[in-house]
Amino acid sequence: MNHLLDSLIFSAIPAAALAAAPNVVYVFPDQMRNHAMGFWADEPFRDSVNFAPDPVITPRLNDFARQARVLTSCQSNFPLSSPHRGMLLTGRFSHNSGVSTNCVANRPVSDLRDDIECISDVYSKAGYNCAYIGKLHAHHPTPNDPDHPGMYVETQVPAWDAYTPPERRHGFDYWYSYGTFDVHKHPHYWDTQGRRHDIEQWSPEHETDKAIAYMANEGNVRDPQKPFFMMVSYNPPHSPYRSTDDCMEQDYRLYADRPLSELLVRPNADTTMTKAPSARYYFASVTGVDRQFGRILDALDSLGLAENTIVVFSSDHGETMCSQGINDPKNSPYAESMNVPMLIRYPGHIEPGVDSRLIMSSPDIMPTLLGLSGLGDMIPKGVEGRDYSGRFDGSGLYAPLRDGALYIRNSDGDRDSLGNVISYFPVARGIKTDRYTLALTIDKRTGELKSSLLFDDMADPYQMVNLPLDENKEIVADLCRRMVPLLREADDPWYSRRILSSLIPYPDN
């Protein structure tokens, strides 16, 4: 990092403006269904959606929703942990963030790029202290264990967990994080100095303890004269969700005796699946996350920080939870996989309410947060997301709404002589509009259409009828036409390679 340049940028921001700059707290539990928030059953929210919400207990989110702007359609374009995190951090689509699919040791092709500015780099340059707490899962694991040089941080082959050294933390000056490790009551973390901490506590509870301590500046971990940007990444309600080893027993008891027919209330949910009983543990995790999020809100109030803090609650992807009869909870174009929570509170700046018109994409989050923080002029040039801050705070003209959200799915491509994945294959693309979902999957060998999904989400909100393409040619043609500018804006390989040009009307076809 060029420290002279940093000091010049910092000095260009008046001290008074820096003191008035908002703090930002971004909380995103992993694999959190947008449907798993109780307020969707209440006014004024229920008339904004056409699905029945899960019968889950979320009192703190219910209260927070009435203080926030709530989106009905925030779409995780590539609904998988690592790709979303790459888009969230960089404001670029997955293939341009470096995180082309989930990060694992035998997949060096997927790794957050060091050469582009992340949201935390921008906040840091603007004079913020920046903290990251919890799961990261955006780096390709390498044998860089600080306690055992030349070894991975876990013995599993291939390794999924990862240690992020200071030079790869993109402006985060406070660090309490790990790559990915799904043992919820026995988590571990590496701190700012690279020391490992093995904890005997439910991870969201422990991470909330650390977040509250950071906000209270225990141990002088930040400069109290500076605003702060803090990301808190809970792992639950991500799997496993099999027993009270995965959630808090007090929360499980709320659901333990309820029949599955009362929990899986959606007509597309198959209660006979082996996975079905796990809904009790999943919902228990959601209720536990709700309580921990409430503790963060309470701490902001007690510390006198709430009025000048932007608080966001979101997730990286959803959870199908027995819908469509599939076991994969994510990585699909189904609404329950793509649609994630997006609630933003900024007292005195964002009027509470529901926005049902904006279809937000993962790369939009970074520039929108920077815009809400008064840093719109510092959004990096390579950002592909749109700054919708004006739409939230009414500050003026805002970016035009897209015709929909791009759906992306990549798979492993070529491998080297050691079996490591060195390229990705863009196996599926699609579009989610205000009415339809279309996903097109191609054959890896021929590049021809292999399968498709087409849903009328207005008439069929649970996506139970896959409409044949040849019987809905006008709809398909319109959706393919609307995909073109989305593919172009994302600099997507389907656009550059003119994939499925017989269906998609690329320029100069």
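Analyst: Before we start, helices and strands here are DSSP runs, H or I of at least four residues for helices and E of at least two for strands, numbered from the N terminus. Keep in mind that this is a predicted model.

User: Fine. How many helices and strands does the chain have?

Analyst: The chain comes to 15 helices and 15 strands.

User: And how do I read the overall fold: what does the radius of gyration say?

Analyst: You set the value against what a compact globule of that length would have. For 509 residues that would be near 23 Å, and the chain's 22 Å agrees with it. Along the principal axes, the C-alpha atoms fill a box of roughly 65 × 55 × 55 Å.

User: What share of the residues is buried?

Analyst: Buried residues are 60% of the 509 in the chain. As for contacts with a separation of 6 or more, 66% of them link residues 24 or more positions apart. The exposed surface comes to about 19400 Å², with carbon and sulfur atoms supplying 50% of it.

User: What about charge: how many positive and negative side chains are there?

Analyst: There are 48 positive and 67 negative ones, and the centres of the two sets lie 2 Å apart.

User: Which peptide bonds are cis?

Analyst: Two cases to look at are Val157 to Pro158, with omega about -5°, and Ser239 to Pro240, with omega about 10°. Pro158 is in the loop between strand E3 (129-135) and strand E4 (174-178), while Pro240 is in the loop between strand E7 (228-233) and helix H8 (249-252).

User: Back to the loop between E1 and H3. What does His35 touch there?

Analyst: His35 lies between strand E1 (23-27) and helix H3 (59-65). Its relative accessibility is 5%, so His35 counts as buried. Setting aside neighbours within four places in sequence, His35 contacts Trp40, Phe51, Pro53, Asp54, Ala335 and Glu336.

User: How should I read a strand like E8: which way do its residues point?

Analyst: As a rule, side chains in a regular strand alternate between the two faces of the sheet. In E8, Thr309, Val311 and Phe313 point one way, Ile310, Val312 and Ser314 point the other way, and all are buried. Six of the six residues of E8 are buried, so E8 is largely enclosed by the rest of the structure.

User: In which sense does E8 pair with E1 and with E10?

Analyst: E1 and E8 pair in the parallel sense over five bridges, with Val24 opposite Ile310. With strand E10 (residues 342-345), E8 pairs in the antiparallel sense over four bridges, and there Phe313 stands opposite Leu343.

User: How about a helix? How many residues of H12 are buried?

Analyst: In general, an α-helix has 3.6 residues a turn, so residues three or four places apart point the same way. For helix H12 (residues 365-372), eight of the eight residues are buried, so H12 is largely enclosed by the rest of the structure. The buried set includes Ile365, Met366, Leu369 and Leu372. Just after H12, Gly374 takes a positive phi of about 80°.

User: Last one: which strands pair with E13?

Analyst: Seven bridges join strand E12 (residues 405-412) to E13, running antiparallel, and Arg409 stands opposite Ala428 in that pairing. Five bridges join E13 to strand E14 (residues 436-442), also antiparallel, with Arg429 opposite Leu440. E13 and E14 form a hairpin with three residues between them. As for cover, eight of the nine residues of E13 (residues 424-432) are buried.

Notes
Residues are numbered from 1 along each chain as its sequence is written. This is a predicted model: local features need pLDDT of at least 70, side-chain atom pairs count only at pLDDT 80 or more; totals for chains, interfaces and linings use all residues. Side-chain values use heavy atoms; hydrogens and water are left out. The radius of gyration is taken over C-alpha atoms; the globule rule is 2.2 Å times the number of residues to the power 0.38. Buried means under 20% relative accessible area, exposed over 50%, partly exposed in between (1.4 Å probe, protein chains only). Contact means heavy atoms within 4.5 Å. Accessible areas come from the Shrake-Rupley method with a 1.4 Å probe; for residues, only the protein chains shown count as cover. Lys and Arg count as positive and Asp and Glu as negative; His and the chain ends are not counted. The place of a charge is taken as NZ of Lys, CZ of Arg, CG of Asp or CD of Glu. Two strands pair if DSSP finds at least two bridges between them.
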